[in-house]
Amino acid sequence: MKEEKLQELLHSLTWTEKVGQLVQLSGEFFNTSALTVGPQQKLGISDDILKNVGSVLNVAGAIKTSEIQQQYLENSNHKIPLLFMADIIYGYRTVFPIPLGLGATWNPELIEEAYTVIGKESQAGGAHVTFAPMVDLVRDARWGRCLESTGEDSLLNSAFASSMVRGLQKDLDKQKGIASCVKHFAAYGAAEAGREYNTVDMSERKLRQDYLPSYKAAIDAGCKMVMTSFNTYDGVPVTGNEFILKDILRDEWGFDGVLISDYAAVRELIDHGIAEDNKEAAYLAIKATNDIDMKSPCYANELQPLLNEGRIDGALIDQAVLRVLKLKNDLGLFDDPYRGTNEVIEKETLLKEEHRTLAKQVTAESIVLLKNDNELLPLDPQANEKILLVGPYGDNQELIGLWAVHGKTTDTISIKTGIEAYLKPENFQVEKGCDMLESYEFLGEFGATKDMIDSLSMSDKEKAQYLTQALTAAEKADIIIFAMGEHTMQSGEAGSRTDIRLPQIQRDFMKQLVKLGKKTVLLSISGRPLILTEEADTIDAILQVWFPGTEGGHAIADILFGKSNPSGRLSMSFPYSVGQLPIYYNEFKTGRPLTSSTHSGRFVSKYLDSPNTPLFPFGYGLSYSDIQYTELTVSDTIMTDELTISVQIKNNSTRDCLETVQLYIQDVVGSVVRPVKELKQFKKITVAGNSTTTVSFTLTRDELNYYTRSMHYAVENGTFLVFVGPNSQDTLEASFELV
Ligand code: NOJ
């Protein structure tokens, strides 16, 4: 439809019809036969608005969506199709690793392919928009939503943000893929104390320097929608914050797509205490240019009264409605409200073999080898050694994590199944060993009944029996593989925790087996960086496998037995203790650094009881190859426009590997304090066995820009240090002058 036609359509709508376009409700409001009865009473939304609601939250499936669409259109005056929006965060039916694992691939091109698959499957499943990517920068592992983020660095996050948007929206105009909604704008990842839904308070400098770039990258990649965040910024909740939404997003960045509130965030302006009632909340949000009110009664009931009272201009509503209509038009919904899918297409598209193959590759690249004493890994499947797989995740398909709501655990390859393909049955034993958690009571908060909770927990008798069986099997084993981790419900949204070690029951169990002195491997399954300090002392080899997704078991086994060489690198620091949080590699320099030449001993910036550095730093990860970095060279001592920085990478082993070469800088003196290191570029390359490769980076003047004291994004002349290495800590160093 042409723009003029859309304008005509807009002007033919009544105010009720217009407001309807700005309201999003969830599935229970669209239950089959009766569109006008049911839970709308709870929100107190009138039948008139309900009949004209513009979008649906989290209903997916070709049959369900087309039924709702068809019935809705039958009752609609103007035949404006519904938009189906859903949380498809890291997989629809084929589930990829959680985004923190995707971040660990350091491979945005590969992730673009993954998100192309996600777009295809979602489109086939009847979804039109996904609330992804989530690009919040994260520095505090207590926050459960680290799971959804690609990590702690704005450059890396930005690279993933654009590749995810490109993947999801590939061929959008040809009815392929789906529209992307970047979230949670802005700075949601900085919730104080890592506590979900908590306050964010930071300087504008920090906001612009570290937190905003990834959202901007998504928008520059053409992302159609933006979701507001639940948090405050500078005392004002974002959903009603004109500085964040209007000044930055709309005016400065020129974003003219749809802006949607997070779930009930408009109404929550009342709980935040900046609006007295629903009407005031609606007023603040629409004035801040928020277009759609997700799951709250504020727009539905209050926009018209605000208009009638002359408090808001009709043009404000018209602009918002036009943005929604444009999105529907861009998606081709006016031509085909079913967007080219049906039950048959859905069936053909979901979980195709090629999707599984890609998921396996992505998972393999997401796994991070944290420790490998005496080169225990890879295991030799022909060695005739007895291998025991033990722990709550050994024989378990619950490997897709909290936000894979359309995925099925029954499609998932368990670790047991993955390993079985490599070993003779007589060499492989699987034991449960211990319970996942000491208590499942907390699941009550997520709706589990007492009976469900009781059925999950092992009785004391079972615990004793499983322990005895595991100990007996361990005595006979040469190698013990522990498959341990967080429960799915312990990370993700509303999964903030203060003790982020492995559950006590699992740690106690591991100790008993470790005592036997066998070779040990830990597969750590989690949605966040766990505190693995104890395990790093006692276990021989550790693989961080995240929630690895549908192909988890295959990818893990391929790594264990050396078919894949681990190449994942942490995109978020793994702390030594929870007391270090928040922790991140690109911290500011302090006046009294640990290495101070003028102060020593006590009066430097440090803890009395812990190192400053994390247990495993940003960028870190081992492989099965022996890699050496040498001969860092900078093409000139002076930079005017650009410089070439090169390093030699030698693979001293016979095994080819994927190496992620990382380039950091430090701006030695600035008009404001600069970070100790900042990632500027990275390259993931293959280094063949027994070979040496030269890797070169062209670093340009523009890449040295930052927010100066006067808040200009500019470069300042002076000395820069440049660091290249396999992670943020172990780097070679050189320098140059910018003139
Ligand atoms: C709340 C979450 O914060 C957001 O990420 C999600 O997209 C919405 N709910 C919709 O489910």
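This is a predicted model: local features need pLDDT of at least 70, side-chain atom pairs count only at pLDDT 80 or more; totals for chains, interfaces and linings use all residues.
Close-up 1. Glutamate 631 belongs to strand S17, and its phi angle is near 50 degrees, which is a positive value in a residue other than glycine.

**Close-up 2. Alanine 187 in a loop.** Alanine 187 also has a positive phi, near 65 degrees, although the residue is not glycine. Alanine 187 is found in the loop that lies between strand S5 (179-185) and helix H9 (204-211). Is alanine 187 buried or exposed? With a relative accessibility of 0%, alanine 187 counts as buried, because that class takes in values under 20%.

Close-up 3. Alanine 132 and proline 133 are joined by a cis peptide bond, with omega at about 5 degrees, and proline 133 sits in the loop between strand S4 (129-130) and helix H8 (154-168). The peptide bond from leucine 581 to proline 582 is cis as well, its omega being near -5 degrees, and proline 582 is part of the loop between helix H23 and strand S17 (627-634).

**Close-up 4. Helix H17 against helix H23.** Two packed helices are described by the angle between their axes and the distance between the axes. The axes of helix H17 (residues 353-366) and helix H23 (residues 552-560) come within 8 Å and cross at roughly 50 degrees, and the two helices are therefore oblique to each other. The crossing in which H17 passes H23 is right-handed. On the H17 side the contact is made by Lys360, Thr363 and Ala364, and on the H23 side by Gly552, His554, Ala555, Asp558 and Ile559.

**Close-up 5. Serine 366 and its surroundings.** Serine 366 lies in helix H17 and counts as buried because its relative accessibility is 0%. Which residues is serine 366 in contact with, leaving aside its neighbours within four places in sequence? They are Pro97, Gly101, Ala104, Thr105, Gln544, Trp546 and Gly568.

**Close-up 6. Strands S2 and S3.** In a regular strand the side chains alternate between the two faces of the sheet. Strand S3 (residues 83-86) has both faces covered, with Leu83 and Met85 buried on one side and Phe84 and Ala86 buried on the other. Strand S2 (residues 55-57) runs parallel to S3 and is joined to S3 by 3 bridges, with leucine 57 standing opposite methionine 85.

**Close-up 7. The open sheet of five strands.** The 5 strands follow the order S18-S26-S25-S20-S21 in an open sheet with mixed pairing. Strand S18 (638-639) and strand S21 (678-687) stand at the edges with a single partner strand each, so one side of each has no neighbour in the sheet. Strand S25 (residues 718-725) and strand S26 (residues 732-738) are paired in the antiparallel sense over 7 bridges, and the bridge partner of phenylalanine 723 in S26 is glutamate 733.

**Close-up 8. Isoleucine 481 in the largest nonpolar core.** The largest nonpolar core has 118 residues, of which Tyr90, Ile419, Ile481, Phe482 and Leu560 touch the most other members. A second, separate core has 62 residues, among them Ile80, Ile260, Ala300 and Ala320. Leaving out residues up to four places away in sequence, isoleucine 481 touches Leu379, Ile387, Leu388, Leu389, Val390, Ile419, Val521, Leu523 and Leu560.

Definitions and conventions. Residues are numbered from 1 along each chain as its sequence is written. Side-chain values use heavy atoms; hydrogens and water are left out. Two strands pair if DSSP finds at least two bridges between them. Helices (H or I, at least four residues) and strands (E, at least two) are DSSP runs, numbered from the N terminus. A nonpolar core is a set of buried Ala, Val, Leu, Ile, Met, Phe, Trp, Tyr and Cys residues joined through side-chain atoms within 4.5 Å. Buried means under 20% relative accessible area, exposed over 50%, partly exposed in between (1.4 Å probe, protein chains only). Contact means heavy atoms within 4.5 Å. Axes are lines fitted to C-alpha atoms, for helices over the stretch in contact, and angles run from 0 to 180 degrees between N-to-C directions. Angles under 35 degrees count as roughly parallel, over 145 as roughly antiparallel, 65 to 115 as roughly perpendicular and the rest as oblique. A crossing is left-handed if the near helix is turned anticlockwise from the far one by less than a right angle, and right-handed if clockwise.
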